[in-house]
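Welcome! Let us work through two exercises on how chains touch each other.

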Amino acid sequence: MANFTKLSFKKGELNQKLADLFKGMMEKGVVDALLAPMIQPKRGVMLTLVTDPSLVGAIDPFAPVVPVNGARIASSITGKPSGRKTAMVLRSCEIRALVELCKLKQAHLDDVLLIGMDCLGRYENLDFIKLRAEGQSSEAFIEKALAGNTESGGCDVSGACKICEFPVADNVDLRLCIIGTGSDALYIESLTPKGDKALETAGLGIGEAPAGREAAVQQLVKKRKDACDAAFAQYRESTPSVDALEDRLANCINCYNCRVACPVCYCKECVFVTDTFRHNGDQYMGWADTFGTLKMPTDTIFYHLTRMSHMSLFCVGCGQCTSACPNSIDLMPMFKAVAQKTQARFDYQAGRSHEEKQPLTVFENDELVEVTGQIK
Amino acid sequence: MAEKKPTGTVLVAGAGVSGIKAAIELAEIGYKVLLTDASPQIGGILAKLDNQFPTDHCGMCRMLPLVGREYASQYCMRKGLYHENIEILPFTELKSVEGDAGNYTIELLQKARYIDTDKCNGLGECIKVCPVEVGDEFNHGLTKRKAVYKPVPHNTPQMLLIDMAACTKCGECVKVCPTNVINLEAEDELSTRQVHAIILASGVKLYNLEEFEDAKSWAVSPDVVSSLAFERIISGSGTFDGTIKRPSDGKAAKKIAWIQCMGSRNRRQKRDYCSSICCMFALKEAVLAKEKGGDDVETTIFYMDMRTFGKDFYQYYEKAVDEHGVKLIRCRVQGVMLNPDKSLSMRYFDSETQEFFVVDYDMVVLSTGQVPYETHKKLADLLHVAINAQGLLPTDPYEKVKLIKPGMFLCGSLMGLTDLSEAISSGIAAAGQVSRFLSGIDVTLLEEEEIPEPTAKDRDEPLISIVLCKCSEKAKESSVDFNALGAGLKKLNSVGEVNIIDMVCSDEGKQTVLDLLSKSKCNRLLIGACHPFMYRKSLKNLAKKAGFSASLFEIIDLSSIVHKGFFESETKDQTRLAYNEIRAVIENLKLKPALHVETLPINPAALVVGGGIAGMHAAFSLAQRGVKVHLVEKSDTLGGYAGTKIEHTIDGLTPISMAKDLTIKVLEHKHITLYKNCEVVATQGSLGAFETKIRDLAKEENFYLNHGAAIIATGGHEGVTAEYEYGNSDQILTQAELKDGLTTGEIDVGEAETIVMIQCVGSRQKDGREYCSRICCIGAIANALTIKEKNPEARVFILYRDVMTYGFAEQYYTQARLAGIIFVSYSLENKPKVELKDGSPVITFTEPVLNSEMQLSPDYLILSTGVDAEASNRDVGKAFSLPVNGDGFFVEADSKWRPVEFLKVGLYVAGVAHSPMTLKDAILQAEAAAHKTYAYLSGRKIHTAHVISKVHHAICVKCQRCVDICPYGARSYDEVLDRIIVDGATCQACGMCGVACQNNAAEIMGFSDKQIMAVIDARLYRDPVATTAQ
Amino acid sequence: MELCLFLGCNTPAIRPDVERAIRATMPELGVDLADAEGYVCCPAFGSFPSTDDDSYLASSGWNLSIAEAKGLDIMVQCGSCYSSLRMGRDHLAHDEEKLARVNELIELTGRKLECKTKVRHISEILYNEVGAEKISRSIKKNLSGLHGIVQYPCHTLFPSEIVGFEESPREPKALRILTEALGATVDHYSRELQCCGGAGGFSKSSPAEATEFAKTKLDAIIEETKADFIVVSCITCLMYLDNIQKKLNEVEGTDKYHIPVFDYNQLLALCMEFDPRQVASICTVPRNKVIDKIMAG
Amino acid sequence: MDFSSSDKDLWKQIYNTKDLLHCFNCSTCLSGCPASHGDPPLLVRNLARMVVYGLEEDLLNDDTPWACVSCSRCEEMCPMDVKPFEMILAIRRWQTLNDETRVPTAIVEIYKRGYTQSVGTNTELRKSLGLPELQTITKMPEMLKLYQEMLMKTPVVSENDYMFNEE
């Protein structure tokens, strides 16, 4: 498995090296465009679509922030394909979501050179901006994080990242590896013929895999898995009943931010903003009559449960929902915990592979008899 | 002045499944049908069968039309049949038939029921008070019934009658009858009717324990039952309650044995035929016994040959044996012995171990076969025709359903001993023959039902008119306060008016309602009455008359509130229950959209793929009825396999010359266009409007054909094999090669001493043709007999697994043995071995009777290599996006109930493309497929149903999950329009798309989330008004 | 009516008390019996029927013609004789050639055979000609209080179209009804129709198995019925079921098998108060219990 | 064994009737047969097969046909009307025809005295039972002569006459 290209860099020059790499790729016509996290002139780091090779300098893929799950961006660019070859640098959670969107025909990867990157976690947007203001660089974060510490200046990476078993991205053409590669080098791994061709055209030689990588990755995955199990246990204990759920969701105000932030919540128009949920006065009164009182706005739990029934089979646990909630309702554990079960039930895993058909799109007569209760 | 032409009227005598199917098919194309049955109910045997293989579920309703469902009043067939154009006359016998072609005068004797079933409300007060108890025929005496009874427990409405033989005329029933419709003095009524054609579907009697000598001697205990009785024992509507109870003492039956060939394959009883259905019947019952009774139930079938000849039969057999562990023992048992502990002992000889065993069983089921002859004699006399040599009704040599007397047809078991799917196809085929016949005489069709245009009123703000029938008030259980109820409902939003009247079901009642409604301002209607099932039709018409849209009309069953109380309701306050019930319905009705059916544009041309005999027959049958036909054949000759290769068959048919005649008819017919050397490339569209791309292989160019429907009749050919040294010796041939050789004289058996035939070569096994090719056994026998004719001294051995001479073909098996042909069975585990000794075959096999190794060095070794599907089936399947099974045959919509249809409406299959079958069966299917096609292309308006699935394009994200999941293939993604398209004819509103679609872009019209949630709300609703209502 | 009595071998030679019972009872019921002077073996299936048609049918013809000369039908009690004669007659009646050949053979007797004579079994005569009701009327004692089981002679049942007279060969009832006519209660049991196994080579070639076979039947009788006696109407059944019980007791080392066996006419004779020492004296399993009970009754 | 060498026409010698050919080995004859309990068991179905196959050797040496109790159940039950009992008698005939040791001693008895038992010699016993003197053929020498004369004309006796003649 010798598909690695070593990219050594001196301290502080990682982004420069990457900029050169992609500049080269674009100039050599490997791709016409690049979608990658870029440092913004004002502040922050955002996914940016670059078509002018001379302007890739601002690239900073390893910046520990994901303002928007990139799957949504990729979907909007490729939903109706432009026919232009585009390299996309994304993280595991974004790519896994993207895989689902492809199955839902919301994105198409034919013209895309998909580049995944090792992910050590992301800070909430505001924290990240604060840390950048304090001068924390991506390299610094990588070093610290690889050492096992992501906490800094009272901020830490998001809860989703802490329990994410996928620091390394799959289903990609190329992979930017920094885990277990030594502090002075980044490796580019090619996983597909597309990837091989890209490296070749970019004039990059092929070498061996970095010695320590596999072990390092496994160790990290293990750590996060344990954390994940703990989190699930903690969530399930804390939320054993509908009452407990009500409690957890008590402050929901139906702003639907979580829905907007969710990469796999792909409806054009959400049923909750349609007529279906535009009730008449006498309906509200009726409910009030029934229980004497009626908390407004209504349908909050209904909303979350409906959303759950829609997306839990595709949920990748990116945690954008939690990040998006103005009332800091920690939704991620709820969705991720349920998703784990529903996906397991169909022996499915969101984003695992392009081939696996999504559950419920396959019509089987004698499926889940124990649930449907149909007996011959 | 020209007098009005009469409406084409058809008598269908016999309301078993085949009769019902024929009736529906004719009614659907607008003929008037009299459907009679000698028994008090309809449904025939199937009324008793809850489970049919291969699904082991009931699927009866699948025989109902799928397009424009509401107009066929889609409904559970086990409950009953409703169709405007069908007049159902149960308990009616055909007494006489006079007149001739197209003009028959018949006498019908309607036996007295002593109850006016039109007025009877079916609640059975009378049954409660009747003092007489007798054994219930429906459950084969396993349960008791009163003298006044419901012939079929699950019928709705109940068609009660009085069994005068048992009745004591005590008159109790008359006293309690609320609708006073009982007349103990009623008499049979003889009526005379005019019909233009007649279909006989009276079926045949089953061998039974009451009548027949040897069966009687088996009945040593109530625990020896007929297979039909066993069907009742394991049926929920029978005595089954989770355990299979043996009748004698209700003890759980854990060891059950089936005895095959009861009353069949018996020369001594002059019944030398095979009843065809019993083997699968027994297998199914054995499987069900295990599934229902638990894994500890042991099931054993004593058989001679397991005749699993039909499509999917063999797989089912494998499943029964391998998965369910059904035990099969090849031994005909002499009798059964009743032990003091009620167990039943049987002694049998196990050929495998060459040992005798005596085994005790809890129950013994006799696979009682069909008994055709008497029935046929009776009918023949009635119709003034002569019985044929076989003792059966004389039919056309090629068309099983066609009696030699014009205008008379038959279907179902009468044709010969048919299984379910054949009964259905024959029903359709008979209907087809009738419509062909009637199209040639001077009769008209019934007026098409007028579909009302949408009115502006429908779109106004909902205003509901409620009509409540208070007749149920009289019932003693009733405590509904109708005034309070009315008052409560009146208060509700969008309720315009509440009218409470008595006896809506009565004619006066109906009139009152009509008067009230015609004045009404409301645009939606809710009627509360008892037994909507009974009145739905008439109330629907009532609503229509009063100008309410069918989609804005609801019926609610008040009686169930009164009589059953409401499910597990916490309160017994009936007024309140009624209120909540009705309120929920109102909430729904309020939100209901006004739905209107679409009329589908129909291109009245048919495409027939395949120019074999089936294809040509279908094409001709359609053309005869004025349908334009495109006949596409990929070779440059018509006739297919049978029509070009088979000179004559054992039953005296001559396929080649028959095909020649048919070819001429086809070529000469002005409505048929023939495309030779052409094959189907791709097709798109839906019922009424298909466009198919055709490739001309000769000219090497493509062209397009437009058609409203298509029939796939691509046929098949003799199987190929490399087994048994085939190809390595010129003494080893296939049956077809032998047949050719014998006809051309190239093969001379004059000197031959020994000839061996091996059956099931590469067939009926997992890694091969996993099916029985159906024709090989008969084919082998035919060849063997020819050999014997040419050289009586020759010894012919046929090595077989099961001799598949089902039905009357059994006679050929007997004939063959009589001619000295020797049949030796072998098992799949222990196939014969063939080796070549200096170029000649030597066969070694285990002789099962003497259980010894035997060897034969024949002059010829003949292999029965079965029938293979056309290789091109897969491409044709792709072109039409039709399913093809592992063996390369097309997969029909439902193997039992929709044998010639595909799930996608407008596409049909006929002949060997469906599965291997005899020429007659292929022609039968062709006729059926042609009729299904004709029904849509005949020029009558085809409407979609009100309730079908729609796409809200504005919010559709085109993820196409709905396309993937639609079980009917009614949805597709149109690349050009970049839209999801719904085939309105094919959609059955099952709702799968609604489930798959996350943002409700796919909606089943009339079942919006909003409605459903509103109903849920209403049900959860506790209303101060109601609690204070009374 | 008058019939020609065909006694066969075993009855006169080994169980003449049965012959006595028959000769005593039948005339009482209006059936007069003429002897078949010079009759020969029926012939038994193990003899000429197993060697060739000529010898078989010649013997049948010999016997039939004796009765035919008297213008009488034949009445048989022995099952094998009945069946052999009846089958023989059947062959002759349906095969002109064979009949001709037989006439050729028996010519030397001066008799000619036309197959007018019918062959009838005694139980059939009792059932059809005399009738249960007349029998009940003509007895002085009865079997009330006694339980019996009946052993139907296979030879009077199968093949039904040749030897049969029961409405349903698979559910015979004549012997039961006749026995009930004597006031006895007839018990049913599982192996009622099982052959006694006495005839043919079976009991000789496989003695152990044959005994076991009979055991199953007798065990069933003992377990399932209250039988005080077994009624037969065939000399083979009579002798075999009587003797086998002794053998069984020896083999099994018990004395549990001791159900007395009677020919129907013996019981009939006893009920008509004929002398037991004449009509029911020869047996292996003692009959006194039953006889005493009848006499006492 | 090579089957082709067996005598295909044997059945015509033994039991020349189409009835036999109807047999489809359903085993009905076996399950109720008393002699099928024997050792060796009488397997009627198998005999029928052997005849059809023409397995002369095996058939000649088969004793089981003689175990038949002649109850004729098989005859009654056989769905194909093969008349198995007739067949068994036929096999016995064929055996005796081809193997004099098969000739049943019973027929010698019958030849000598008309019966298989010595009938009518138990005069004392009969008297005690009040039975008449029985007119048996044994007691009618000239009759017996005629009977023997007649039997002499039949194959089995004439061909094996030595068995009957010795004094």
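Two exercises follow, each with a worked solution. This is a predicted model, where local features need pLDDT of at least 70 and side-chain atom pairs count only at pLDDT 80 or more, while totals for chains, interfaces and linings use all residues. Residues are numbered from 1 along each chain as its sequence is written, chains are lettered from A and ligands numbered from 1 in the order in which they are written, and side-chain values use heavy atoms, with hydrogens and water left out.

**Exercise 1.** Describe the contact of chain C with chain D.

*Solution.*
- Step 1: Count the residues in contact (heavy atoms within 4.5 Å): chain C gives 67 and chain D gives 56.
- Step 2: Take the buried area (accessible area, 1.4 Å probe, that two parts lose on being put together, summed over both). It is about 4900 Å², with 65% from carbon and sulfur atoms.
- Step 3: Find the residues of chain C that lose the most area to chain D: C:F48, C:L108 and C:F158, together 12% of what that side buries.
- Step 4: Look for salt bridges (a side-chain nitrogen of Lys or Arg within 4 Å of a carboxyl oxygen of Asp or Glu). There are two, and D:R93 with C:D53 forms a salt bridge at 3.4 Å, N to O.

**Exercise 2.** Now describe chain B against chain D.

*Solution.*
- Step 1: Chain B brings 39 residues and chain D 42.
- Step 2: The two chains bury about 3500 Å², 53% of it on carbon and sulfur atoms. On the chain B side, B:R267, B:R268 and B:Q334 lose the most area, together 23% of what that side buries.
- Step 3: Five salt bridges are counted here; B:E793 and D:K8 meet in a salt bridge at 2.5 Å, N to O.
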